[in-house]
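Here is a friendly walk through one protein model, written for someone who likes to know the cut-offs behind each term. Have the viewer open as you read.

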Amino acid sequence: MSEPSPNSPAPAEDAEFEPRPGRVRKPIGWSTIIIAALVAVSAALVWRRDGTDGVLDILTHDLSLFGGILPRVLAGCLLGAFISEILPHEKVSRSLGPKSGLKGLLIGTAFGAILPGGPFTAYPVASALLAVGADFGATIAMVVSWTLIGYGRAVAWEIPIMGTDFTLWRIVISLPLPVLAGALGRFVYVRLYPKRDSDEDAA
C-alpha cells in the first residue's frame, strides 16, 4: 500500500477542529512605556522632595503590596489559560461569536452578572473567551455587566451600605447598558477591522 503524500492536505475534520491561533502580544507596548515614564518622573519628584529615604520607603511598601497581589495575578492567568483549553471553541463561537447577534450579547450580559470574584478573575476569563471564539461585542457586554451588575459586590457591599431599594433600582437601570455597550463595540470593531472580521468569517 502506498503511503499518503506529505504534501497532501489534512483531512477536513482535523481542519475543522484546529484551534484558532492566539493573538501575539508585544512584551513592551506604548502603555508600558508611558507607565515607566510616569514612574520615573514620580520617583524623581519624590527624591527631590524627600530624598533617597522617601524613595526607598515607597519602594519597600510597593514591593510588599506586589508580593501580596502576585499570587492572585498568577491564579487569574492560570484560570484564563485553563478555561481557554477547556471551553469548546465551536460552541463558544456559535453562542458568543460575531454571528451570535442579540443572543450573544444577552448571554455575555448574563454571564458577567453572575461571574464571581474580582478583576483577577473577570479579565482572565474575558481574555479566554476572546481566545476561543467570542467576539468583541459579547466580551464587552460581559465585562460591562460584571462591572455594573455583578451580584458579588452588590450582596457583599452595596446592599449592606446603600440599602436594598437603591441597589435594586441601580441594577434595573443598568440592565440595558451592557447590551448597548456590546452592540456598539461590535459595530465599531467591524468597521475598524473589516479585514480581520472577514478573515474570521472565512475561517
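## A pair of residues to start with

A113 is found in helix α4. Helices here are DSSP runs of H or I with at least four residues, strands are runs of E with at least two, and both are numbered from the N terminus. With a relative accessible area of 15%, A113 is buried, a label that means under 20%, while exposed means over 50% and partly exposed lies in between (1.4 Å probe, protein chains only). Which distance separates the C-alpha atoms of A113 and W146? They are separated by 5.0 Å, although the two residues are 33 residues apart along the chain.

This is a predicted model, in which local features need pLDDT of at least 70 and side-chain atom pairs count only at pLDDT 80 or more, while totals for chains, interfaces and linings use all residues. Residues are numbered from 1 along each chain as its sequence is written, and side-chain values use heavy atoms, with hydrogens and water left out.

## The overall make-up

The protein has 10 helices and 0 strands. Read from the N terminus on, its elements run α-α-α-α-α-α-α-α-α-α. Of the 203 residues in the protein, 24% are buried.

## How the helices pack

Two packed helices are described by the angle between their axes and the distance between the axes. The axes are lines fitted to C-alpha atoms, for helices over the stretch in contact, and the angles run from 0 to 180 degrees between N-to-C directions. Helix α4 (residues 101-114) packs with helix α6 (residues 136-148) at an angle of about 30 degrees, and their axes are 7 Å apart. That angle makes α4 roughly parallel to α6; angles under 35 degrees count as roughly parallel, over 145 as roughly antiparallel, 65 to 115 as roughly perpendicular and the rest as oblique. α4 passes α6 in a right-handed crossing, the term for a near helix turned clockwise from the far one by less than a right angle, with anticlockwise giving a left-handed crossing.

Helix α6 also packs with α9, at an angle of about 150 degrees and with the axes 7 Å apart. That makes α6 roughly antiparallel to α9, and α6 passes α9 in a right-handed crossing. For α2 and α5, the angle is about 25 degrees and the axes are 8 Å apart. Those two helices are therefore roughly parallel, and α2 passes α5 in a right-handed crossing.

## Salt bridges

Side chains of opposite charge can pair when their charged atoms come close. How many salt bridges does a search of the whole structure find? The search finds 4, each being a side-chain nitrogen of Lys or Arg within 4 Å of a carboxyl oxygen of Asp or Glu. One of them joins D135 and R186, at 2.7 Å from N to O. This pair links distant parts of the chain, with D135 in the loop between α5 (119-131) and α6, and R186 in helix α9 (residues 176-192), 51 residues apart. Both D135 and R186 are buried.

E158 forms a salt bridge with R170, and the closest N and O atoms are 2.5 Å apart. Here too distant parts of the chain are linked: E158 is in helix α7 (residues 151-162) and R170 in helix α8 (residues 164-174), 12 residues apart. E158 counts as buried because its relative accessibility is 13%, whereas R170, at 22%, is partly exposed. D50 pairs with R49, the closest N and O atoms being 2.9 Å apart. D50 has a relative accessible area of 38%, so D50 is partly exposed, and R49 counts as exposed at 66%.

Which residues make the nonpolar surface patch of about 600 Å²? They are I28, W30, I33, I34 and L38. Patches are made of residues with over 30% relative accessible area and no salt bridge, like charges being joined within 9 Å and nonpolar side chains (Val, Leu, Ile, Met, Phe, Trp, Tyr) within 5 Å. The areas come from the Shrake-Rupley method with a 1.4 Å probe, and for residues only the protein chains shown count as cover. W30 lies in helix α2 (residues 30-86) and counts as exposed, at 68% relative accessibility.
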